[in-house]
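Me: I would like to learn how to read a structure step by step, starting with the ligand and then moving to the strands. Could you take me through it?

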Amino acid sequence: MLLNTDDFRAAARRRLPRGLFQYIDRGTEDEASLRRIRASLDAVRLEPRVLNGACPVSLETTVLGRVRPTPLVIAPTALAGMVAANGETLLARAASRFGIPFTVSTQSVEPIEDIRRGAPDAELWFQLYVWNDRARTADLLRRVAASGCETLVLTVDTQMPPKREYNLRNGFGVPFRPGLRNVTDMLCHPRWLWTVVLRRGMPSYGHYPPEFRNGLMTGEMSEGLRLDPALTWEDFRALRDAWAGRIVLKGVLSAADAERARTEGADGIVVSTHGGRNCDSLPTTAEALPRIASGTVPDLLADSGIRRGSDVLKYLALGACAVQLGRAPLWGLAAGGEAGAVALIDVILSEMRTTMGFLGARTPADLTAFTG
Ligand SMILES: Cc1cc2nc3c(=O)[nH]c(=O)nc-3n(C[C@H](O)[C@H](O)[C@H](O)COP(=O)(O)O)c2cc1C
């Protein structure tokens, strides 16, 4: 029975090659950040109110100027299309059933045009990694706008390739270098191998130009398609001028940066430690949120470490208006495709409603937390 995100994670572990499962599941360096994220969420307690007749509860929330049925957003995750064939489209379709936006990663397997075709009703956001080659970045943004996407999420916390030692050991990586260990790993998961790789060819980054996609698999990645390691506020301003829709900055943990983001014209920020996957020495989202929320800032979204509906409520109580799910929907996708992702989202929403009922919180705005 799949009753909680851990159950979906266990199903994903059985179905996916070990290298891919670990790529999704694990953190960076000593994984201290992963442990701190969990501990800091566990340390938040939600204040209950009684005898206020707060039932039924409503999850309705305003995010980036729009009223939405829930405060959830599906976070961008690279290579979701390796978890299942058409993984990004399936996730977008699952999210759209709940009116939840789905964020397409620059490094998705399926390009945004295909996802739009496969999930015509989905609200698609697009996560941008800025390539060194600005002309190609601008071309990509034109495709994104032409696909009807209005919200751009600029990720600013991935200046360096992270040191994920487990992936160096298990041989999962981009570029993919076949070796005894990773090939045996794939052969041991024949259903995955057939549906994801053999039927369609080795998955790659769908937004990268065709001449470089093969390069991704052979190690000949062009300098122009590497992520710019030295972005500045000036780059943000140029993007702000070029993009007509909303812009969200993802990966902000400092109150000063959050206030600057507002004055520079950001519509929102995502307070995020990138799920403990990039730098292992950061404050956690739960630590940073209250400090950031006390300033004059744009809409606050938050992510990292959500495993229960109550985790979502904790970030809301600490000042977020919306919360992103990263790994959890991928586990749902691995466990059962689109239906698995729907079931996973359902579990989180149902846990949110139950906990809000216990707290006497009629809406997310009623939530308050104890910390420390
Ligand atoms: C497999 C995987 C791939 C990811 N790829 C991206 C990406 O391409 N761009 C990005 O901004 N964040 C990426 N992230 C980070 C997520 O957007 C999000 O910040 C993080 O997963 C939240 O933590 P959680 O997984 O504990 O929910 C990725 C996360 C995972 C697990």
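Me: Which side chain has an N or O atom 3.2 Å from a nitrogen atom of the ligand?

Reply: Before the answer, keep in mind that this is a predicted model, in which local features need pLDDT of at least 70 and side-chain atom pairs count only at pLDDT 80 or more, while totals for chains, interfaces and linings use all residues. Residues are numbered from 1 along each chain as its sequence is written, and side-chain values use heavy atoms, with hydrogens and water left out. A polar contact is a pair of N or O atoms within 3.5 Å (within protein, one must be able to donate a hydrogen and the other to accept it, and residues adjacent in sequence count only if both atoms are side-chain atoms). Here the side chain is that of Q127, with an N or O atom 3.2 Å from a ligand nitrogen. An oxygen atom of the ligand also lies 2.8 Å from a backbone N or O atom of G305, and a backbone N or O atom of R327 lies 2.8 Å from a ligand oxygen.

Me: How much of the ligand's area does the protein bury?

Reply: Accessible areas come from the Shrake-Rupley method with a 1.4 Å probe, and for residues only the protein chains shown count as cover. Taken alone, the ligand exposes 600 Å², of which the protein buries 99%.

Me: Which way do the side chains of strand β7 point, and are they buried or exposed?

Reply: In a regular strand the side chains alternate between the two faces of the sheet. Helices (H or I, at least four residues) and strands (E, at least two) are DSSP runs, numbered from the N terminus, and buried means under 20% relative accessible area, exposed over 50%, and partly exposed in between (1.4 Å probe, protein chains only). In β7, T151, V153 and T155 point one way and L152 and L154 the other, and all are buried. Because five of the five residues of β7 (residues 151-155) are buried, this strand is largely enclosed by the rest of the structure.

Me: Which strands does β7 pair with?

Reply: Two strands pair if DSSP finds at least two bridges between them. Strand β6 (residues 124-128) runs parallel to β7 and is joined to it by four bridges, and Q127 has V153 as its bridge partner in β7. Five bridges join β7 to strand β8 (residues 246-252), again in parallel, and there the partner of T155 is K250.
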